[in-house]
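Thanks for coming. I will take one contact as the way in and then widen the view. Please have the structure open while I talk.

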Amino acid sequence: MFRLRNQALLALLFLFLVPIAHAEHNSSDDESRYETDYSHTTHYSGGGVTIDHRFGDLTVRTHSASNVITKAKIRSSDPEIGKQIRITATESASGVIIRTIFPQIHRRGGSLSYSVDMTVYVPQNAPVLARNQFGSTDVRGLRAASTIENKQGAIRVSEGRAAHTISNAFGAIEVTDNTGDVTITNANGSIKVRQIAGSAMITNRFGSVSVTDVDRDATIHNANGSITALDIAGSLKVVNAFGSVKASTIRGSVDVTTRNARVELSNVNGSAIVRNSFGGVVAQNISGNLTVTAQNSKVDGVTIGGNAKVETTFAGINLQSVGGLASLKATNGSIVAMDIGGALTAENQFGSVRAERIRGSAEVRSANGSITLQDINGNVKVRTSFGLAFINGVTGSVDVQNENGAISVEGLRGSGCHPVVLRTSFSSIKLALPATGGYTLNARTSFGRVNSALPITTTTIGNDTLVGTIGRGGCRIDLTTSNGNINIERE
């Protein structure tokens, strides 16, 4: 019995010792990793510098010398693979070409890693074509038009002094402090652009775009990512979808087309055009005209220097402080217009209309919503149904046709004669008149009464009809309703 127990114990100890020996073998593999440095200087007599790189970071810098210096660090978890990685740097009639060459690897099982981090110094005025994949790219100080391409890694370009074309996929792009135009294309990565003494043309998808301090025009196309544009000296054009758009301090015009996202514009020196659906629109401090076409999007506009033309569906319009004309159209949403410098035209369905302090005439068409107009420095024309029409403070004529809704008019203050024509059905009419005016009155109703708080010299009188003159007569007043009273009150 004792001998069997010792044999069992020895067997257990052997089982525990086997993994320990295997762990020591793995440690030995880590110590055998391959690493070496590469350095090469290539004469440069003109043309471009082409860099074709993969599987590692690429850094490009400029220097005052007339040659191209390539430095790299090669690493591999397998020494045999590491020794087969090569870098070539050759000069030709078209310039210098630098390539990283990797062996064909066929391995089953296990793990393998390798990389080459490369730094290339080029003459300041040499144009560069740099391609990289599976690593980041950092470029600084290029003074000739260049092209930077990358995949599966970030790109950073700074302190350039020429037009550059930059593209990437599955990695961010950042471009700062460039004197010259930039053209940037990306996918599945963000784009940040700052301090561009030129124009910027940007295309992206599935990533945000941020553009700040551009001296000329900026054009941005994006999808499934937000857009921010600040301090653009020229015009701004934006096309986006499924991402918000925010633009501020634009010294030219703005043109935005987007959907399923919110749009915010502020401090635009030129005109602004917005097309949107399923997202709100906010426009503040627009020096020129504002034009908005939207669906399922509420529109808010504040301090518009020129004219405003806004059309939306299934949402409302709120417009305040417009220097020129205002043309507003909404469906299934309310309309509010305050402090309009010119004439107002508003059309609505299934929503109310409210307008105050209009320095021109006001023409409103509505259905299934109330209308409130105050302080109109011109003529008023209203066509509505199934809603109250309330008008207070008009310097011109008043023409209201309503169906199934009451009409109330007061505060007639214009000098001279301005006719008042009010018609409705199945509701009442109330009109307040100054005691000193002269009017020719024709008031008729059915299934209601006509009452006047002002003395009238009548030609026809009855419970449902009142025809005559108020004061000296002259200015036409026609009041007609069905199934409602007519009340003439003293102002």
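Start with the side chain of Asn150, which makes a polar contact with the side chain of Thr137, at 3.3 Å. This is a predicted model, so everything I quote is computed from it. Asn150 sits in strand E10, which covers residues 146–151. Is Asn150 buried or exposed? Its relative accessibility is 4%, and buried means under 20%, so Asn150 counts as buried. Beyond four places in sequence, Asn150 touches Asn132, Gln133, Gly135, Ser136, Thr137, Ile155, Ser167, Asn168 and Ala169.

Where is Asn186 found? Asn186 is in the loop between strand E14 (182–185) and strand E15 (191–197). Asn186 also has a relative accessibility of 4%, so it counts as buried although it lies in a loop. A polar atom of the Asn186 side chain lies 3.3 Å from the backbone oxygen of Ser190.

Next, a point about the backbone. Most residues other than glycine have a negative phi. Gln152 is not a glycine, yet its phi is positive, about 55°. Gln152 is in the loop between E10 and strand E11 (155–160). With a relative accessible area of 32%, Gln152 is partly exposed. Asn368 also has a positive phi, near 60°. Asn368 belongs to the loop between strand E34 (362–365) and strand E35 (371–376). Its relative accessible area is 35%, so Asn368 is partly exposed.

Now the whole chain. How many helices and strands does the chain have? There are two helices and 47 strands. The C-alpha atoms fill a box of roughly 130 × 85 × 25 Å along the principal axes. The radius of gyration is 39 Å, whereas a compact globule of 491 residues would have one near 23 Å.

Of the 491 residues, 44% are buried. Among contacts with a separation of 6 or more, 26% join residues 24 or more positions apart. The chain exposes about 22,800 Å², with 49% of that supplied by carbon and sulfur atoms. Last, the charges: there are 46 positive and 38 negative ones, and their mean positions are 3 Å apart.

Definitions and conventions
Residues numbered from 1 in each chain as written. Predicted model: local features only at pLDDT ≥ 70, side-chain atom pairs only at ≥ 80, totals over all residues. Heavy atoms only, no water. Rg over C-alpha atoms; globule rule 2.2 N^0.38 Å. Buried < 20%, exposed > 50% of the residue type's maximum accessible area, 1.4 Å probe, protein only. Contact = heavy atoms within 4.5 Å. Areas by Shrake-Rupley, 256 points an atom, 1.4 Å probe, with all protein chains shown as cover. Lys, Arg positive; Asp, Glu negative; His and termini not counted. Charge placed at Lys NZ, Arg CZ, Asp CG, Glu CD. Polar contact = N/O pair within 3.5 Å; in protein donor to acceptor, adjacent residues only side chain to side chain.
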